[in-house]
Amino acid sequence: DRSLVFAMSGFEGGPDSNPWLAGVGTAVHYLLAEAFELDNQKAGKQVWLVEQEVAIKPPAIPKGPVDLFHIDKGLVIDHKALGKTSLDEIQKNGPGVVYETQLDCYGLGLAQMGHQVNTVMLACYPRNANPNLPFLHEMVTWSKPWDMDNAVRAVKRVETLYLRAKEL
């Protein structure tokens with residue numbers, strides 16, 4: 001809730017944010033964006049929406065970029081650069097409600113733009129991979145069918161937080 005209220009209020013980061021980890025994540029996103037834009041060029045058409053900004057209606061919801069969307073498959077992909085402990089946890093128990101809801105909300109934003117959304121996926125890249133293993137051997141992916149109802153519930157929750165924060 002605190003992170004959502006900070007985002008809705010226009011604050012960036014906070015006293016407990018770690019710029020190094022954010023920088024690694026930004027670098028991974030940049031490299032992946034370049035790779036998928038190159039894939040679009042090779043295909044001669046737009047197969048992927050890369051870093052597509054979505055703004056969920058109503059406007060109380062903070063807008064943000066969807067990392068990757070495969071247009072024909074209706075597949076939303078969110079990239080995460082994570083340490084081994086987080087990768088192991090996601091592989092064992094799934095990503096948890098926060099990531100699931102974030103993915104479903106990305107799907108809602110794309111659906112509101114007129115796209116058919118079918119599946120959401122978390123693509124987790126090892127931040128500190130073992131150099132003795134094959135490339136991306138430790139990568140973890142998780143996916144599920146897109147749940148519009150989950151996204152709508154989240155939007156209602158954020159609207160409530162927005163109104164409370166506005167009162168304060």
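Mentor: A disulfide is a covalent bond between the sulfur atoms of two cysteines. Searching the whole structure turns up 0 disulfides. Keep in mind that this is a predicted model.

Trainee: Is Cys105 buried or exposed?

Mentor: Compare the relative accessibility with the cut-off: under 20% means buried. Cys105 has 15%, so this residue counts as buried. Cys124 has 1%, so Cys124 counts as buried too.

Trainee: What share of the chain counts as buried?

Mentor: Of its 168 residues, 36% do.

Trainee: How do I bring confidence into the reading?

Mentor: Where pLDDT is low, the predicted coordinates should not be read in detail. Here the average pLDDT of the chain is 88, and 89% of the residues reach at least 70.

Trainee: Which elements have the lowest and the highest mean pLDDT?

Mentor: Helix H1, residues 2-9, has the lowest, at 69. Strand S5, residues 140-145, has the highest, at 97.

Trainee: How many helices and strands are there in the chain?

Mentor: The chain has 5 helices and 5 strands. Read from the N terminus, their order is α-α-β-β-β-α-α-β-β-α.

Trainee: What do the contacts say about sequence separation?

Mentor: Take the contacts with a separation of 6 or more. Residues 24 or more positions apart make up 63% of them.

Trainee: Let us take one residue. Where is the place of Asn40?

Mentor: Asn40 sits in helix H2, which covers residues 19-43. Its relative accessible area is 7%, so Asn40 is buried.

Trainee: Which residues is Asn40 in contact with, leaving aside its neighbours within four places in sequence?

Mentor: They are Lys45, Gln46, Val47, Trp48 and Val50.

Trainee: How many residues line the second largest pocket, and which lie nearest its centre?

Mentor: The lining has 17 residues. Val28, Tyr125, Pro126, Phe135 and Leu136 lie nearest the centre.

Trainee: What is the lining of the second largest pocket by class?

Mentor: Count by class: 13 residues are nonpolar, 2 are polar and 2 are charged.

Trainee: And if I return to helix H1?

Mentor: Recall its mean pLDDT of 69, the lowest among the elements of the chain.

Methods
Residues are numbered from 1 along each chain as its sequence is written. This is a predicted model: local features need pLDDT of at least 70, side-chain atom pairs count only at pLDDT 80 or more; totals for chains, interfaces and linings use all residues. Side-chain values use heavy atoms; hydrogens and water are left out. A disulfide is a pair of cysteine sulfur atoms within 2.5 Å. Buried means under 20% relative accessible area, exposed over 50%, partly exposed in between (1.4 Å probe, protein chains only). pLDDT is the predictor's confidence in each residue, from 0 to 100. Helices (H or I, at least four residues) and strands (E, at least two) are DSSP runs, numbered from the N terminus. Contact means heavy atoms within 4.5 Å. On a 1 Å grid over the protein atoms alone, a cavity is a set of points where a 1.4 Å probe fits but cannot get out, and a pocket is an open set with protein on both sides within 12 Å along at least five of seven lines; lining residues have an atom within 4 Å of a point. Ala, Val, Leu, Ile, Met, Phe, Trp, Tyr, Cys and Pro count as nonpolar, Asp, Glu, Lys and Arg as charged, and the others, Gly among them, as polar.
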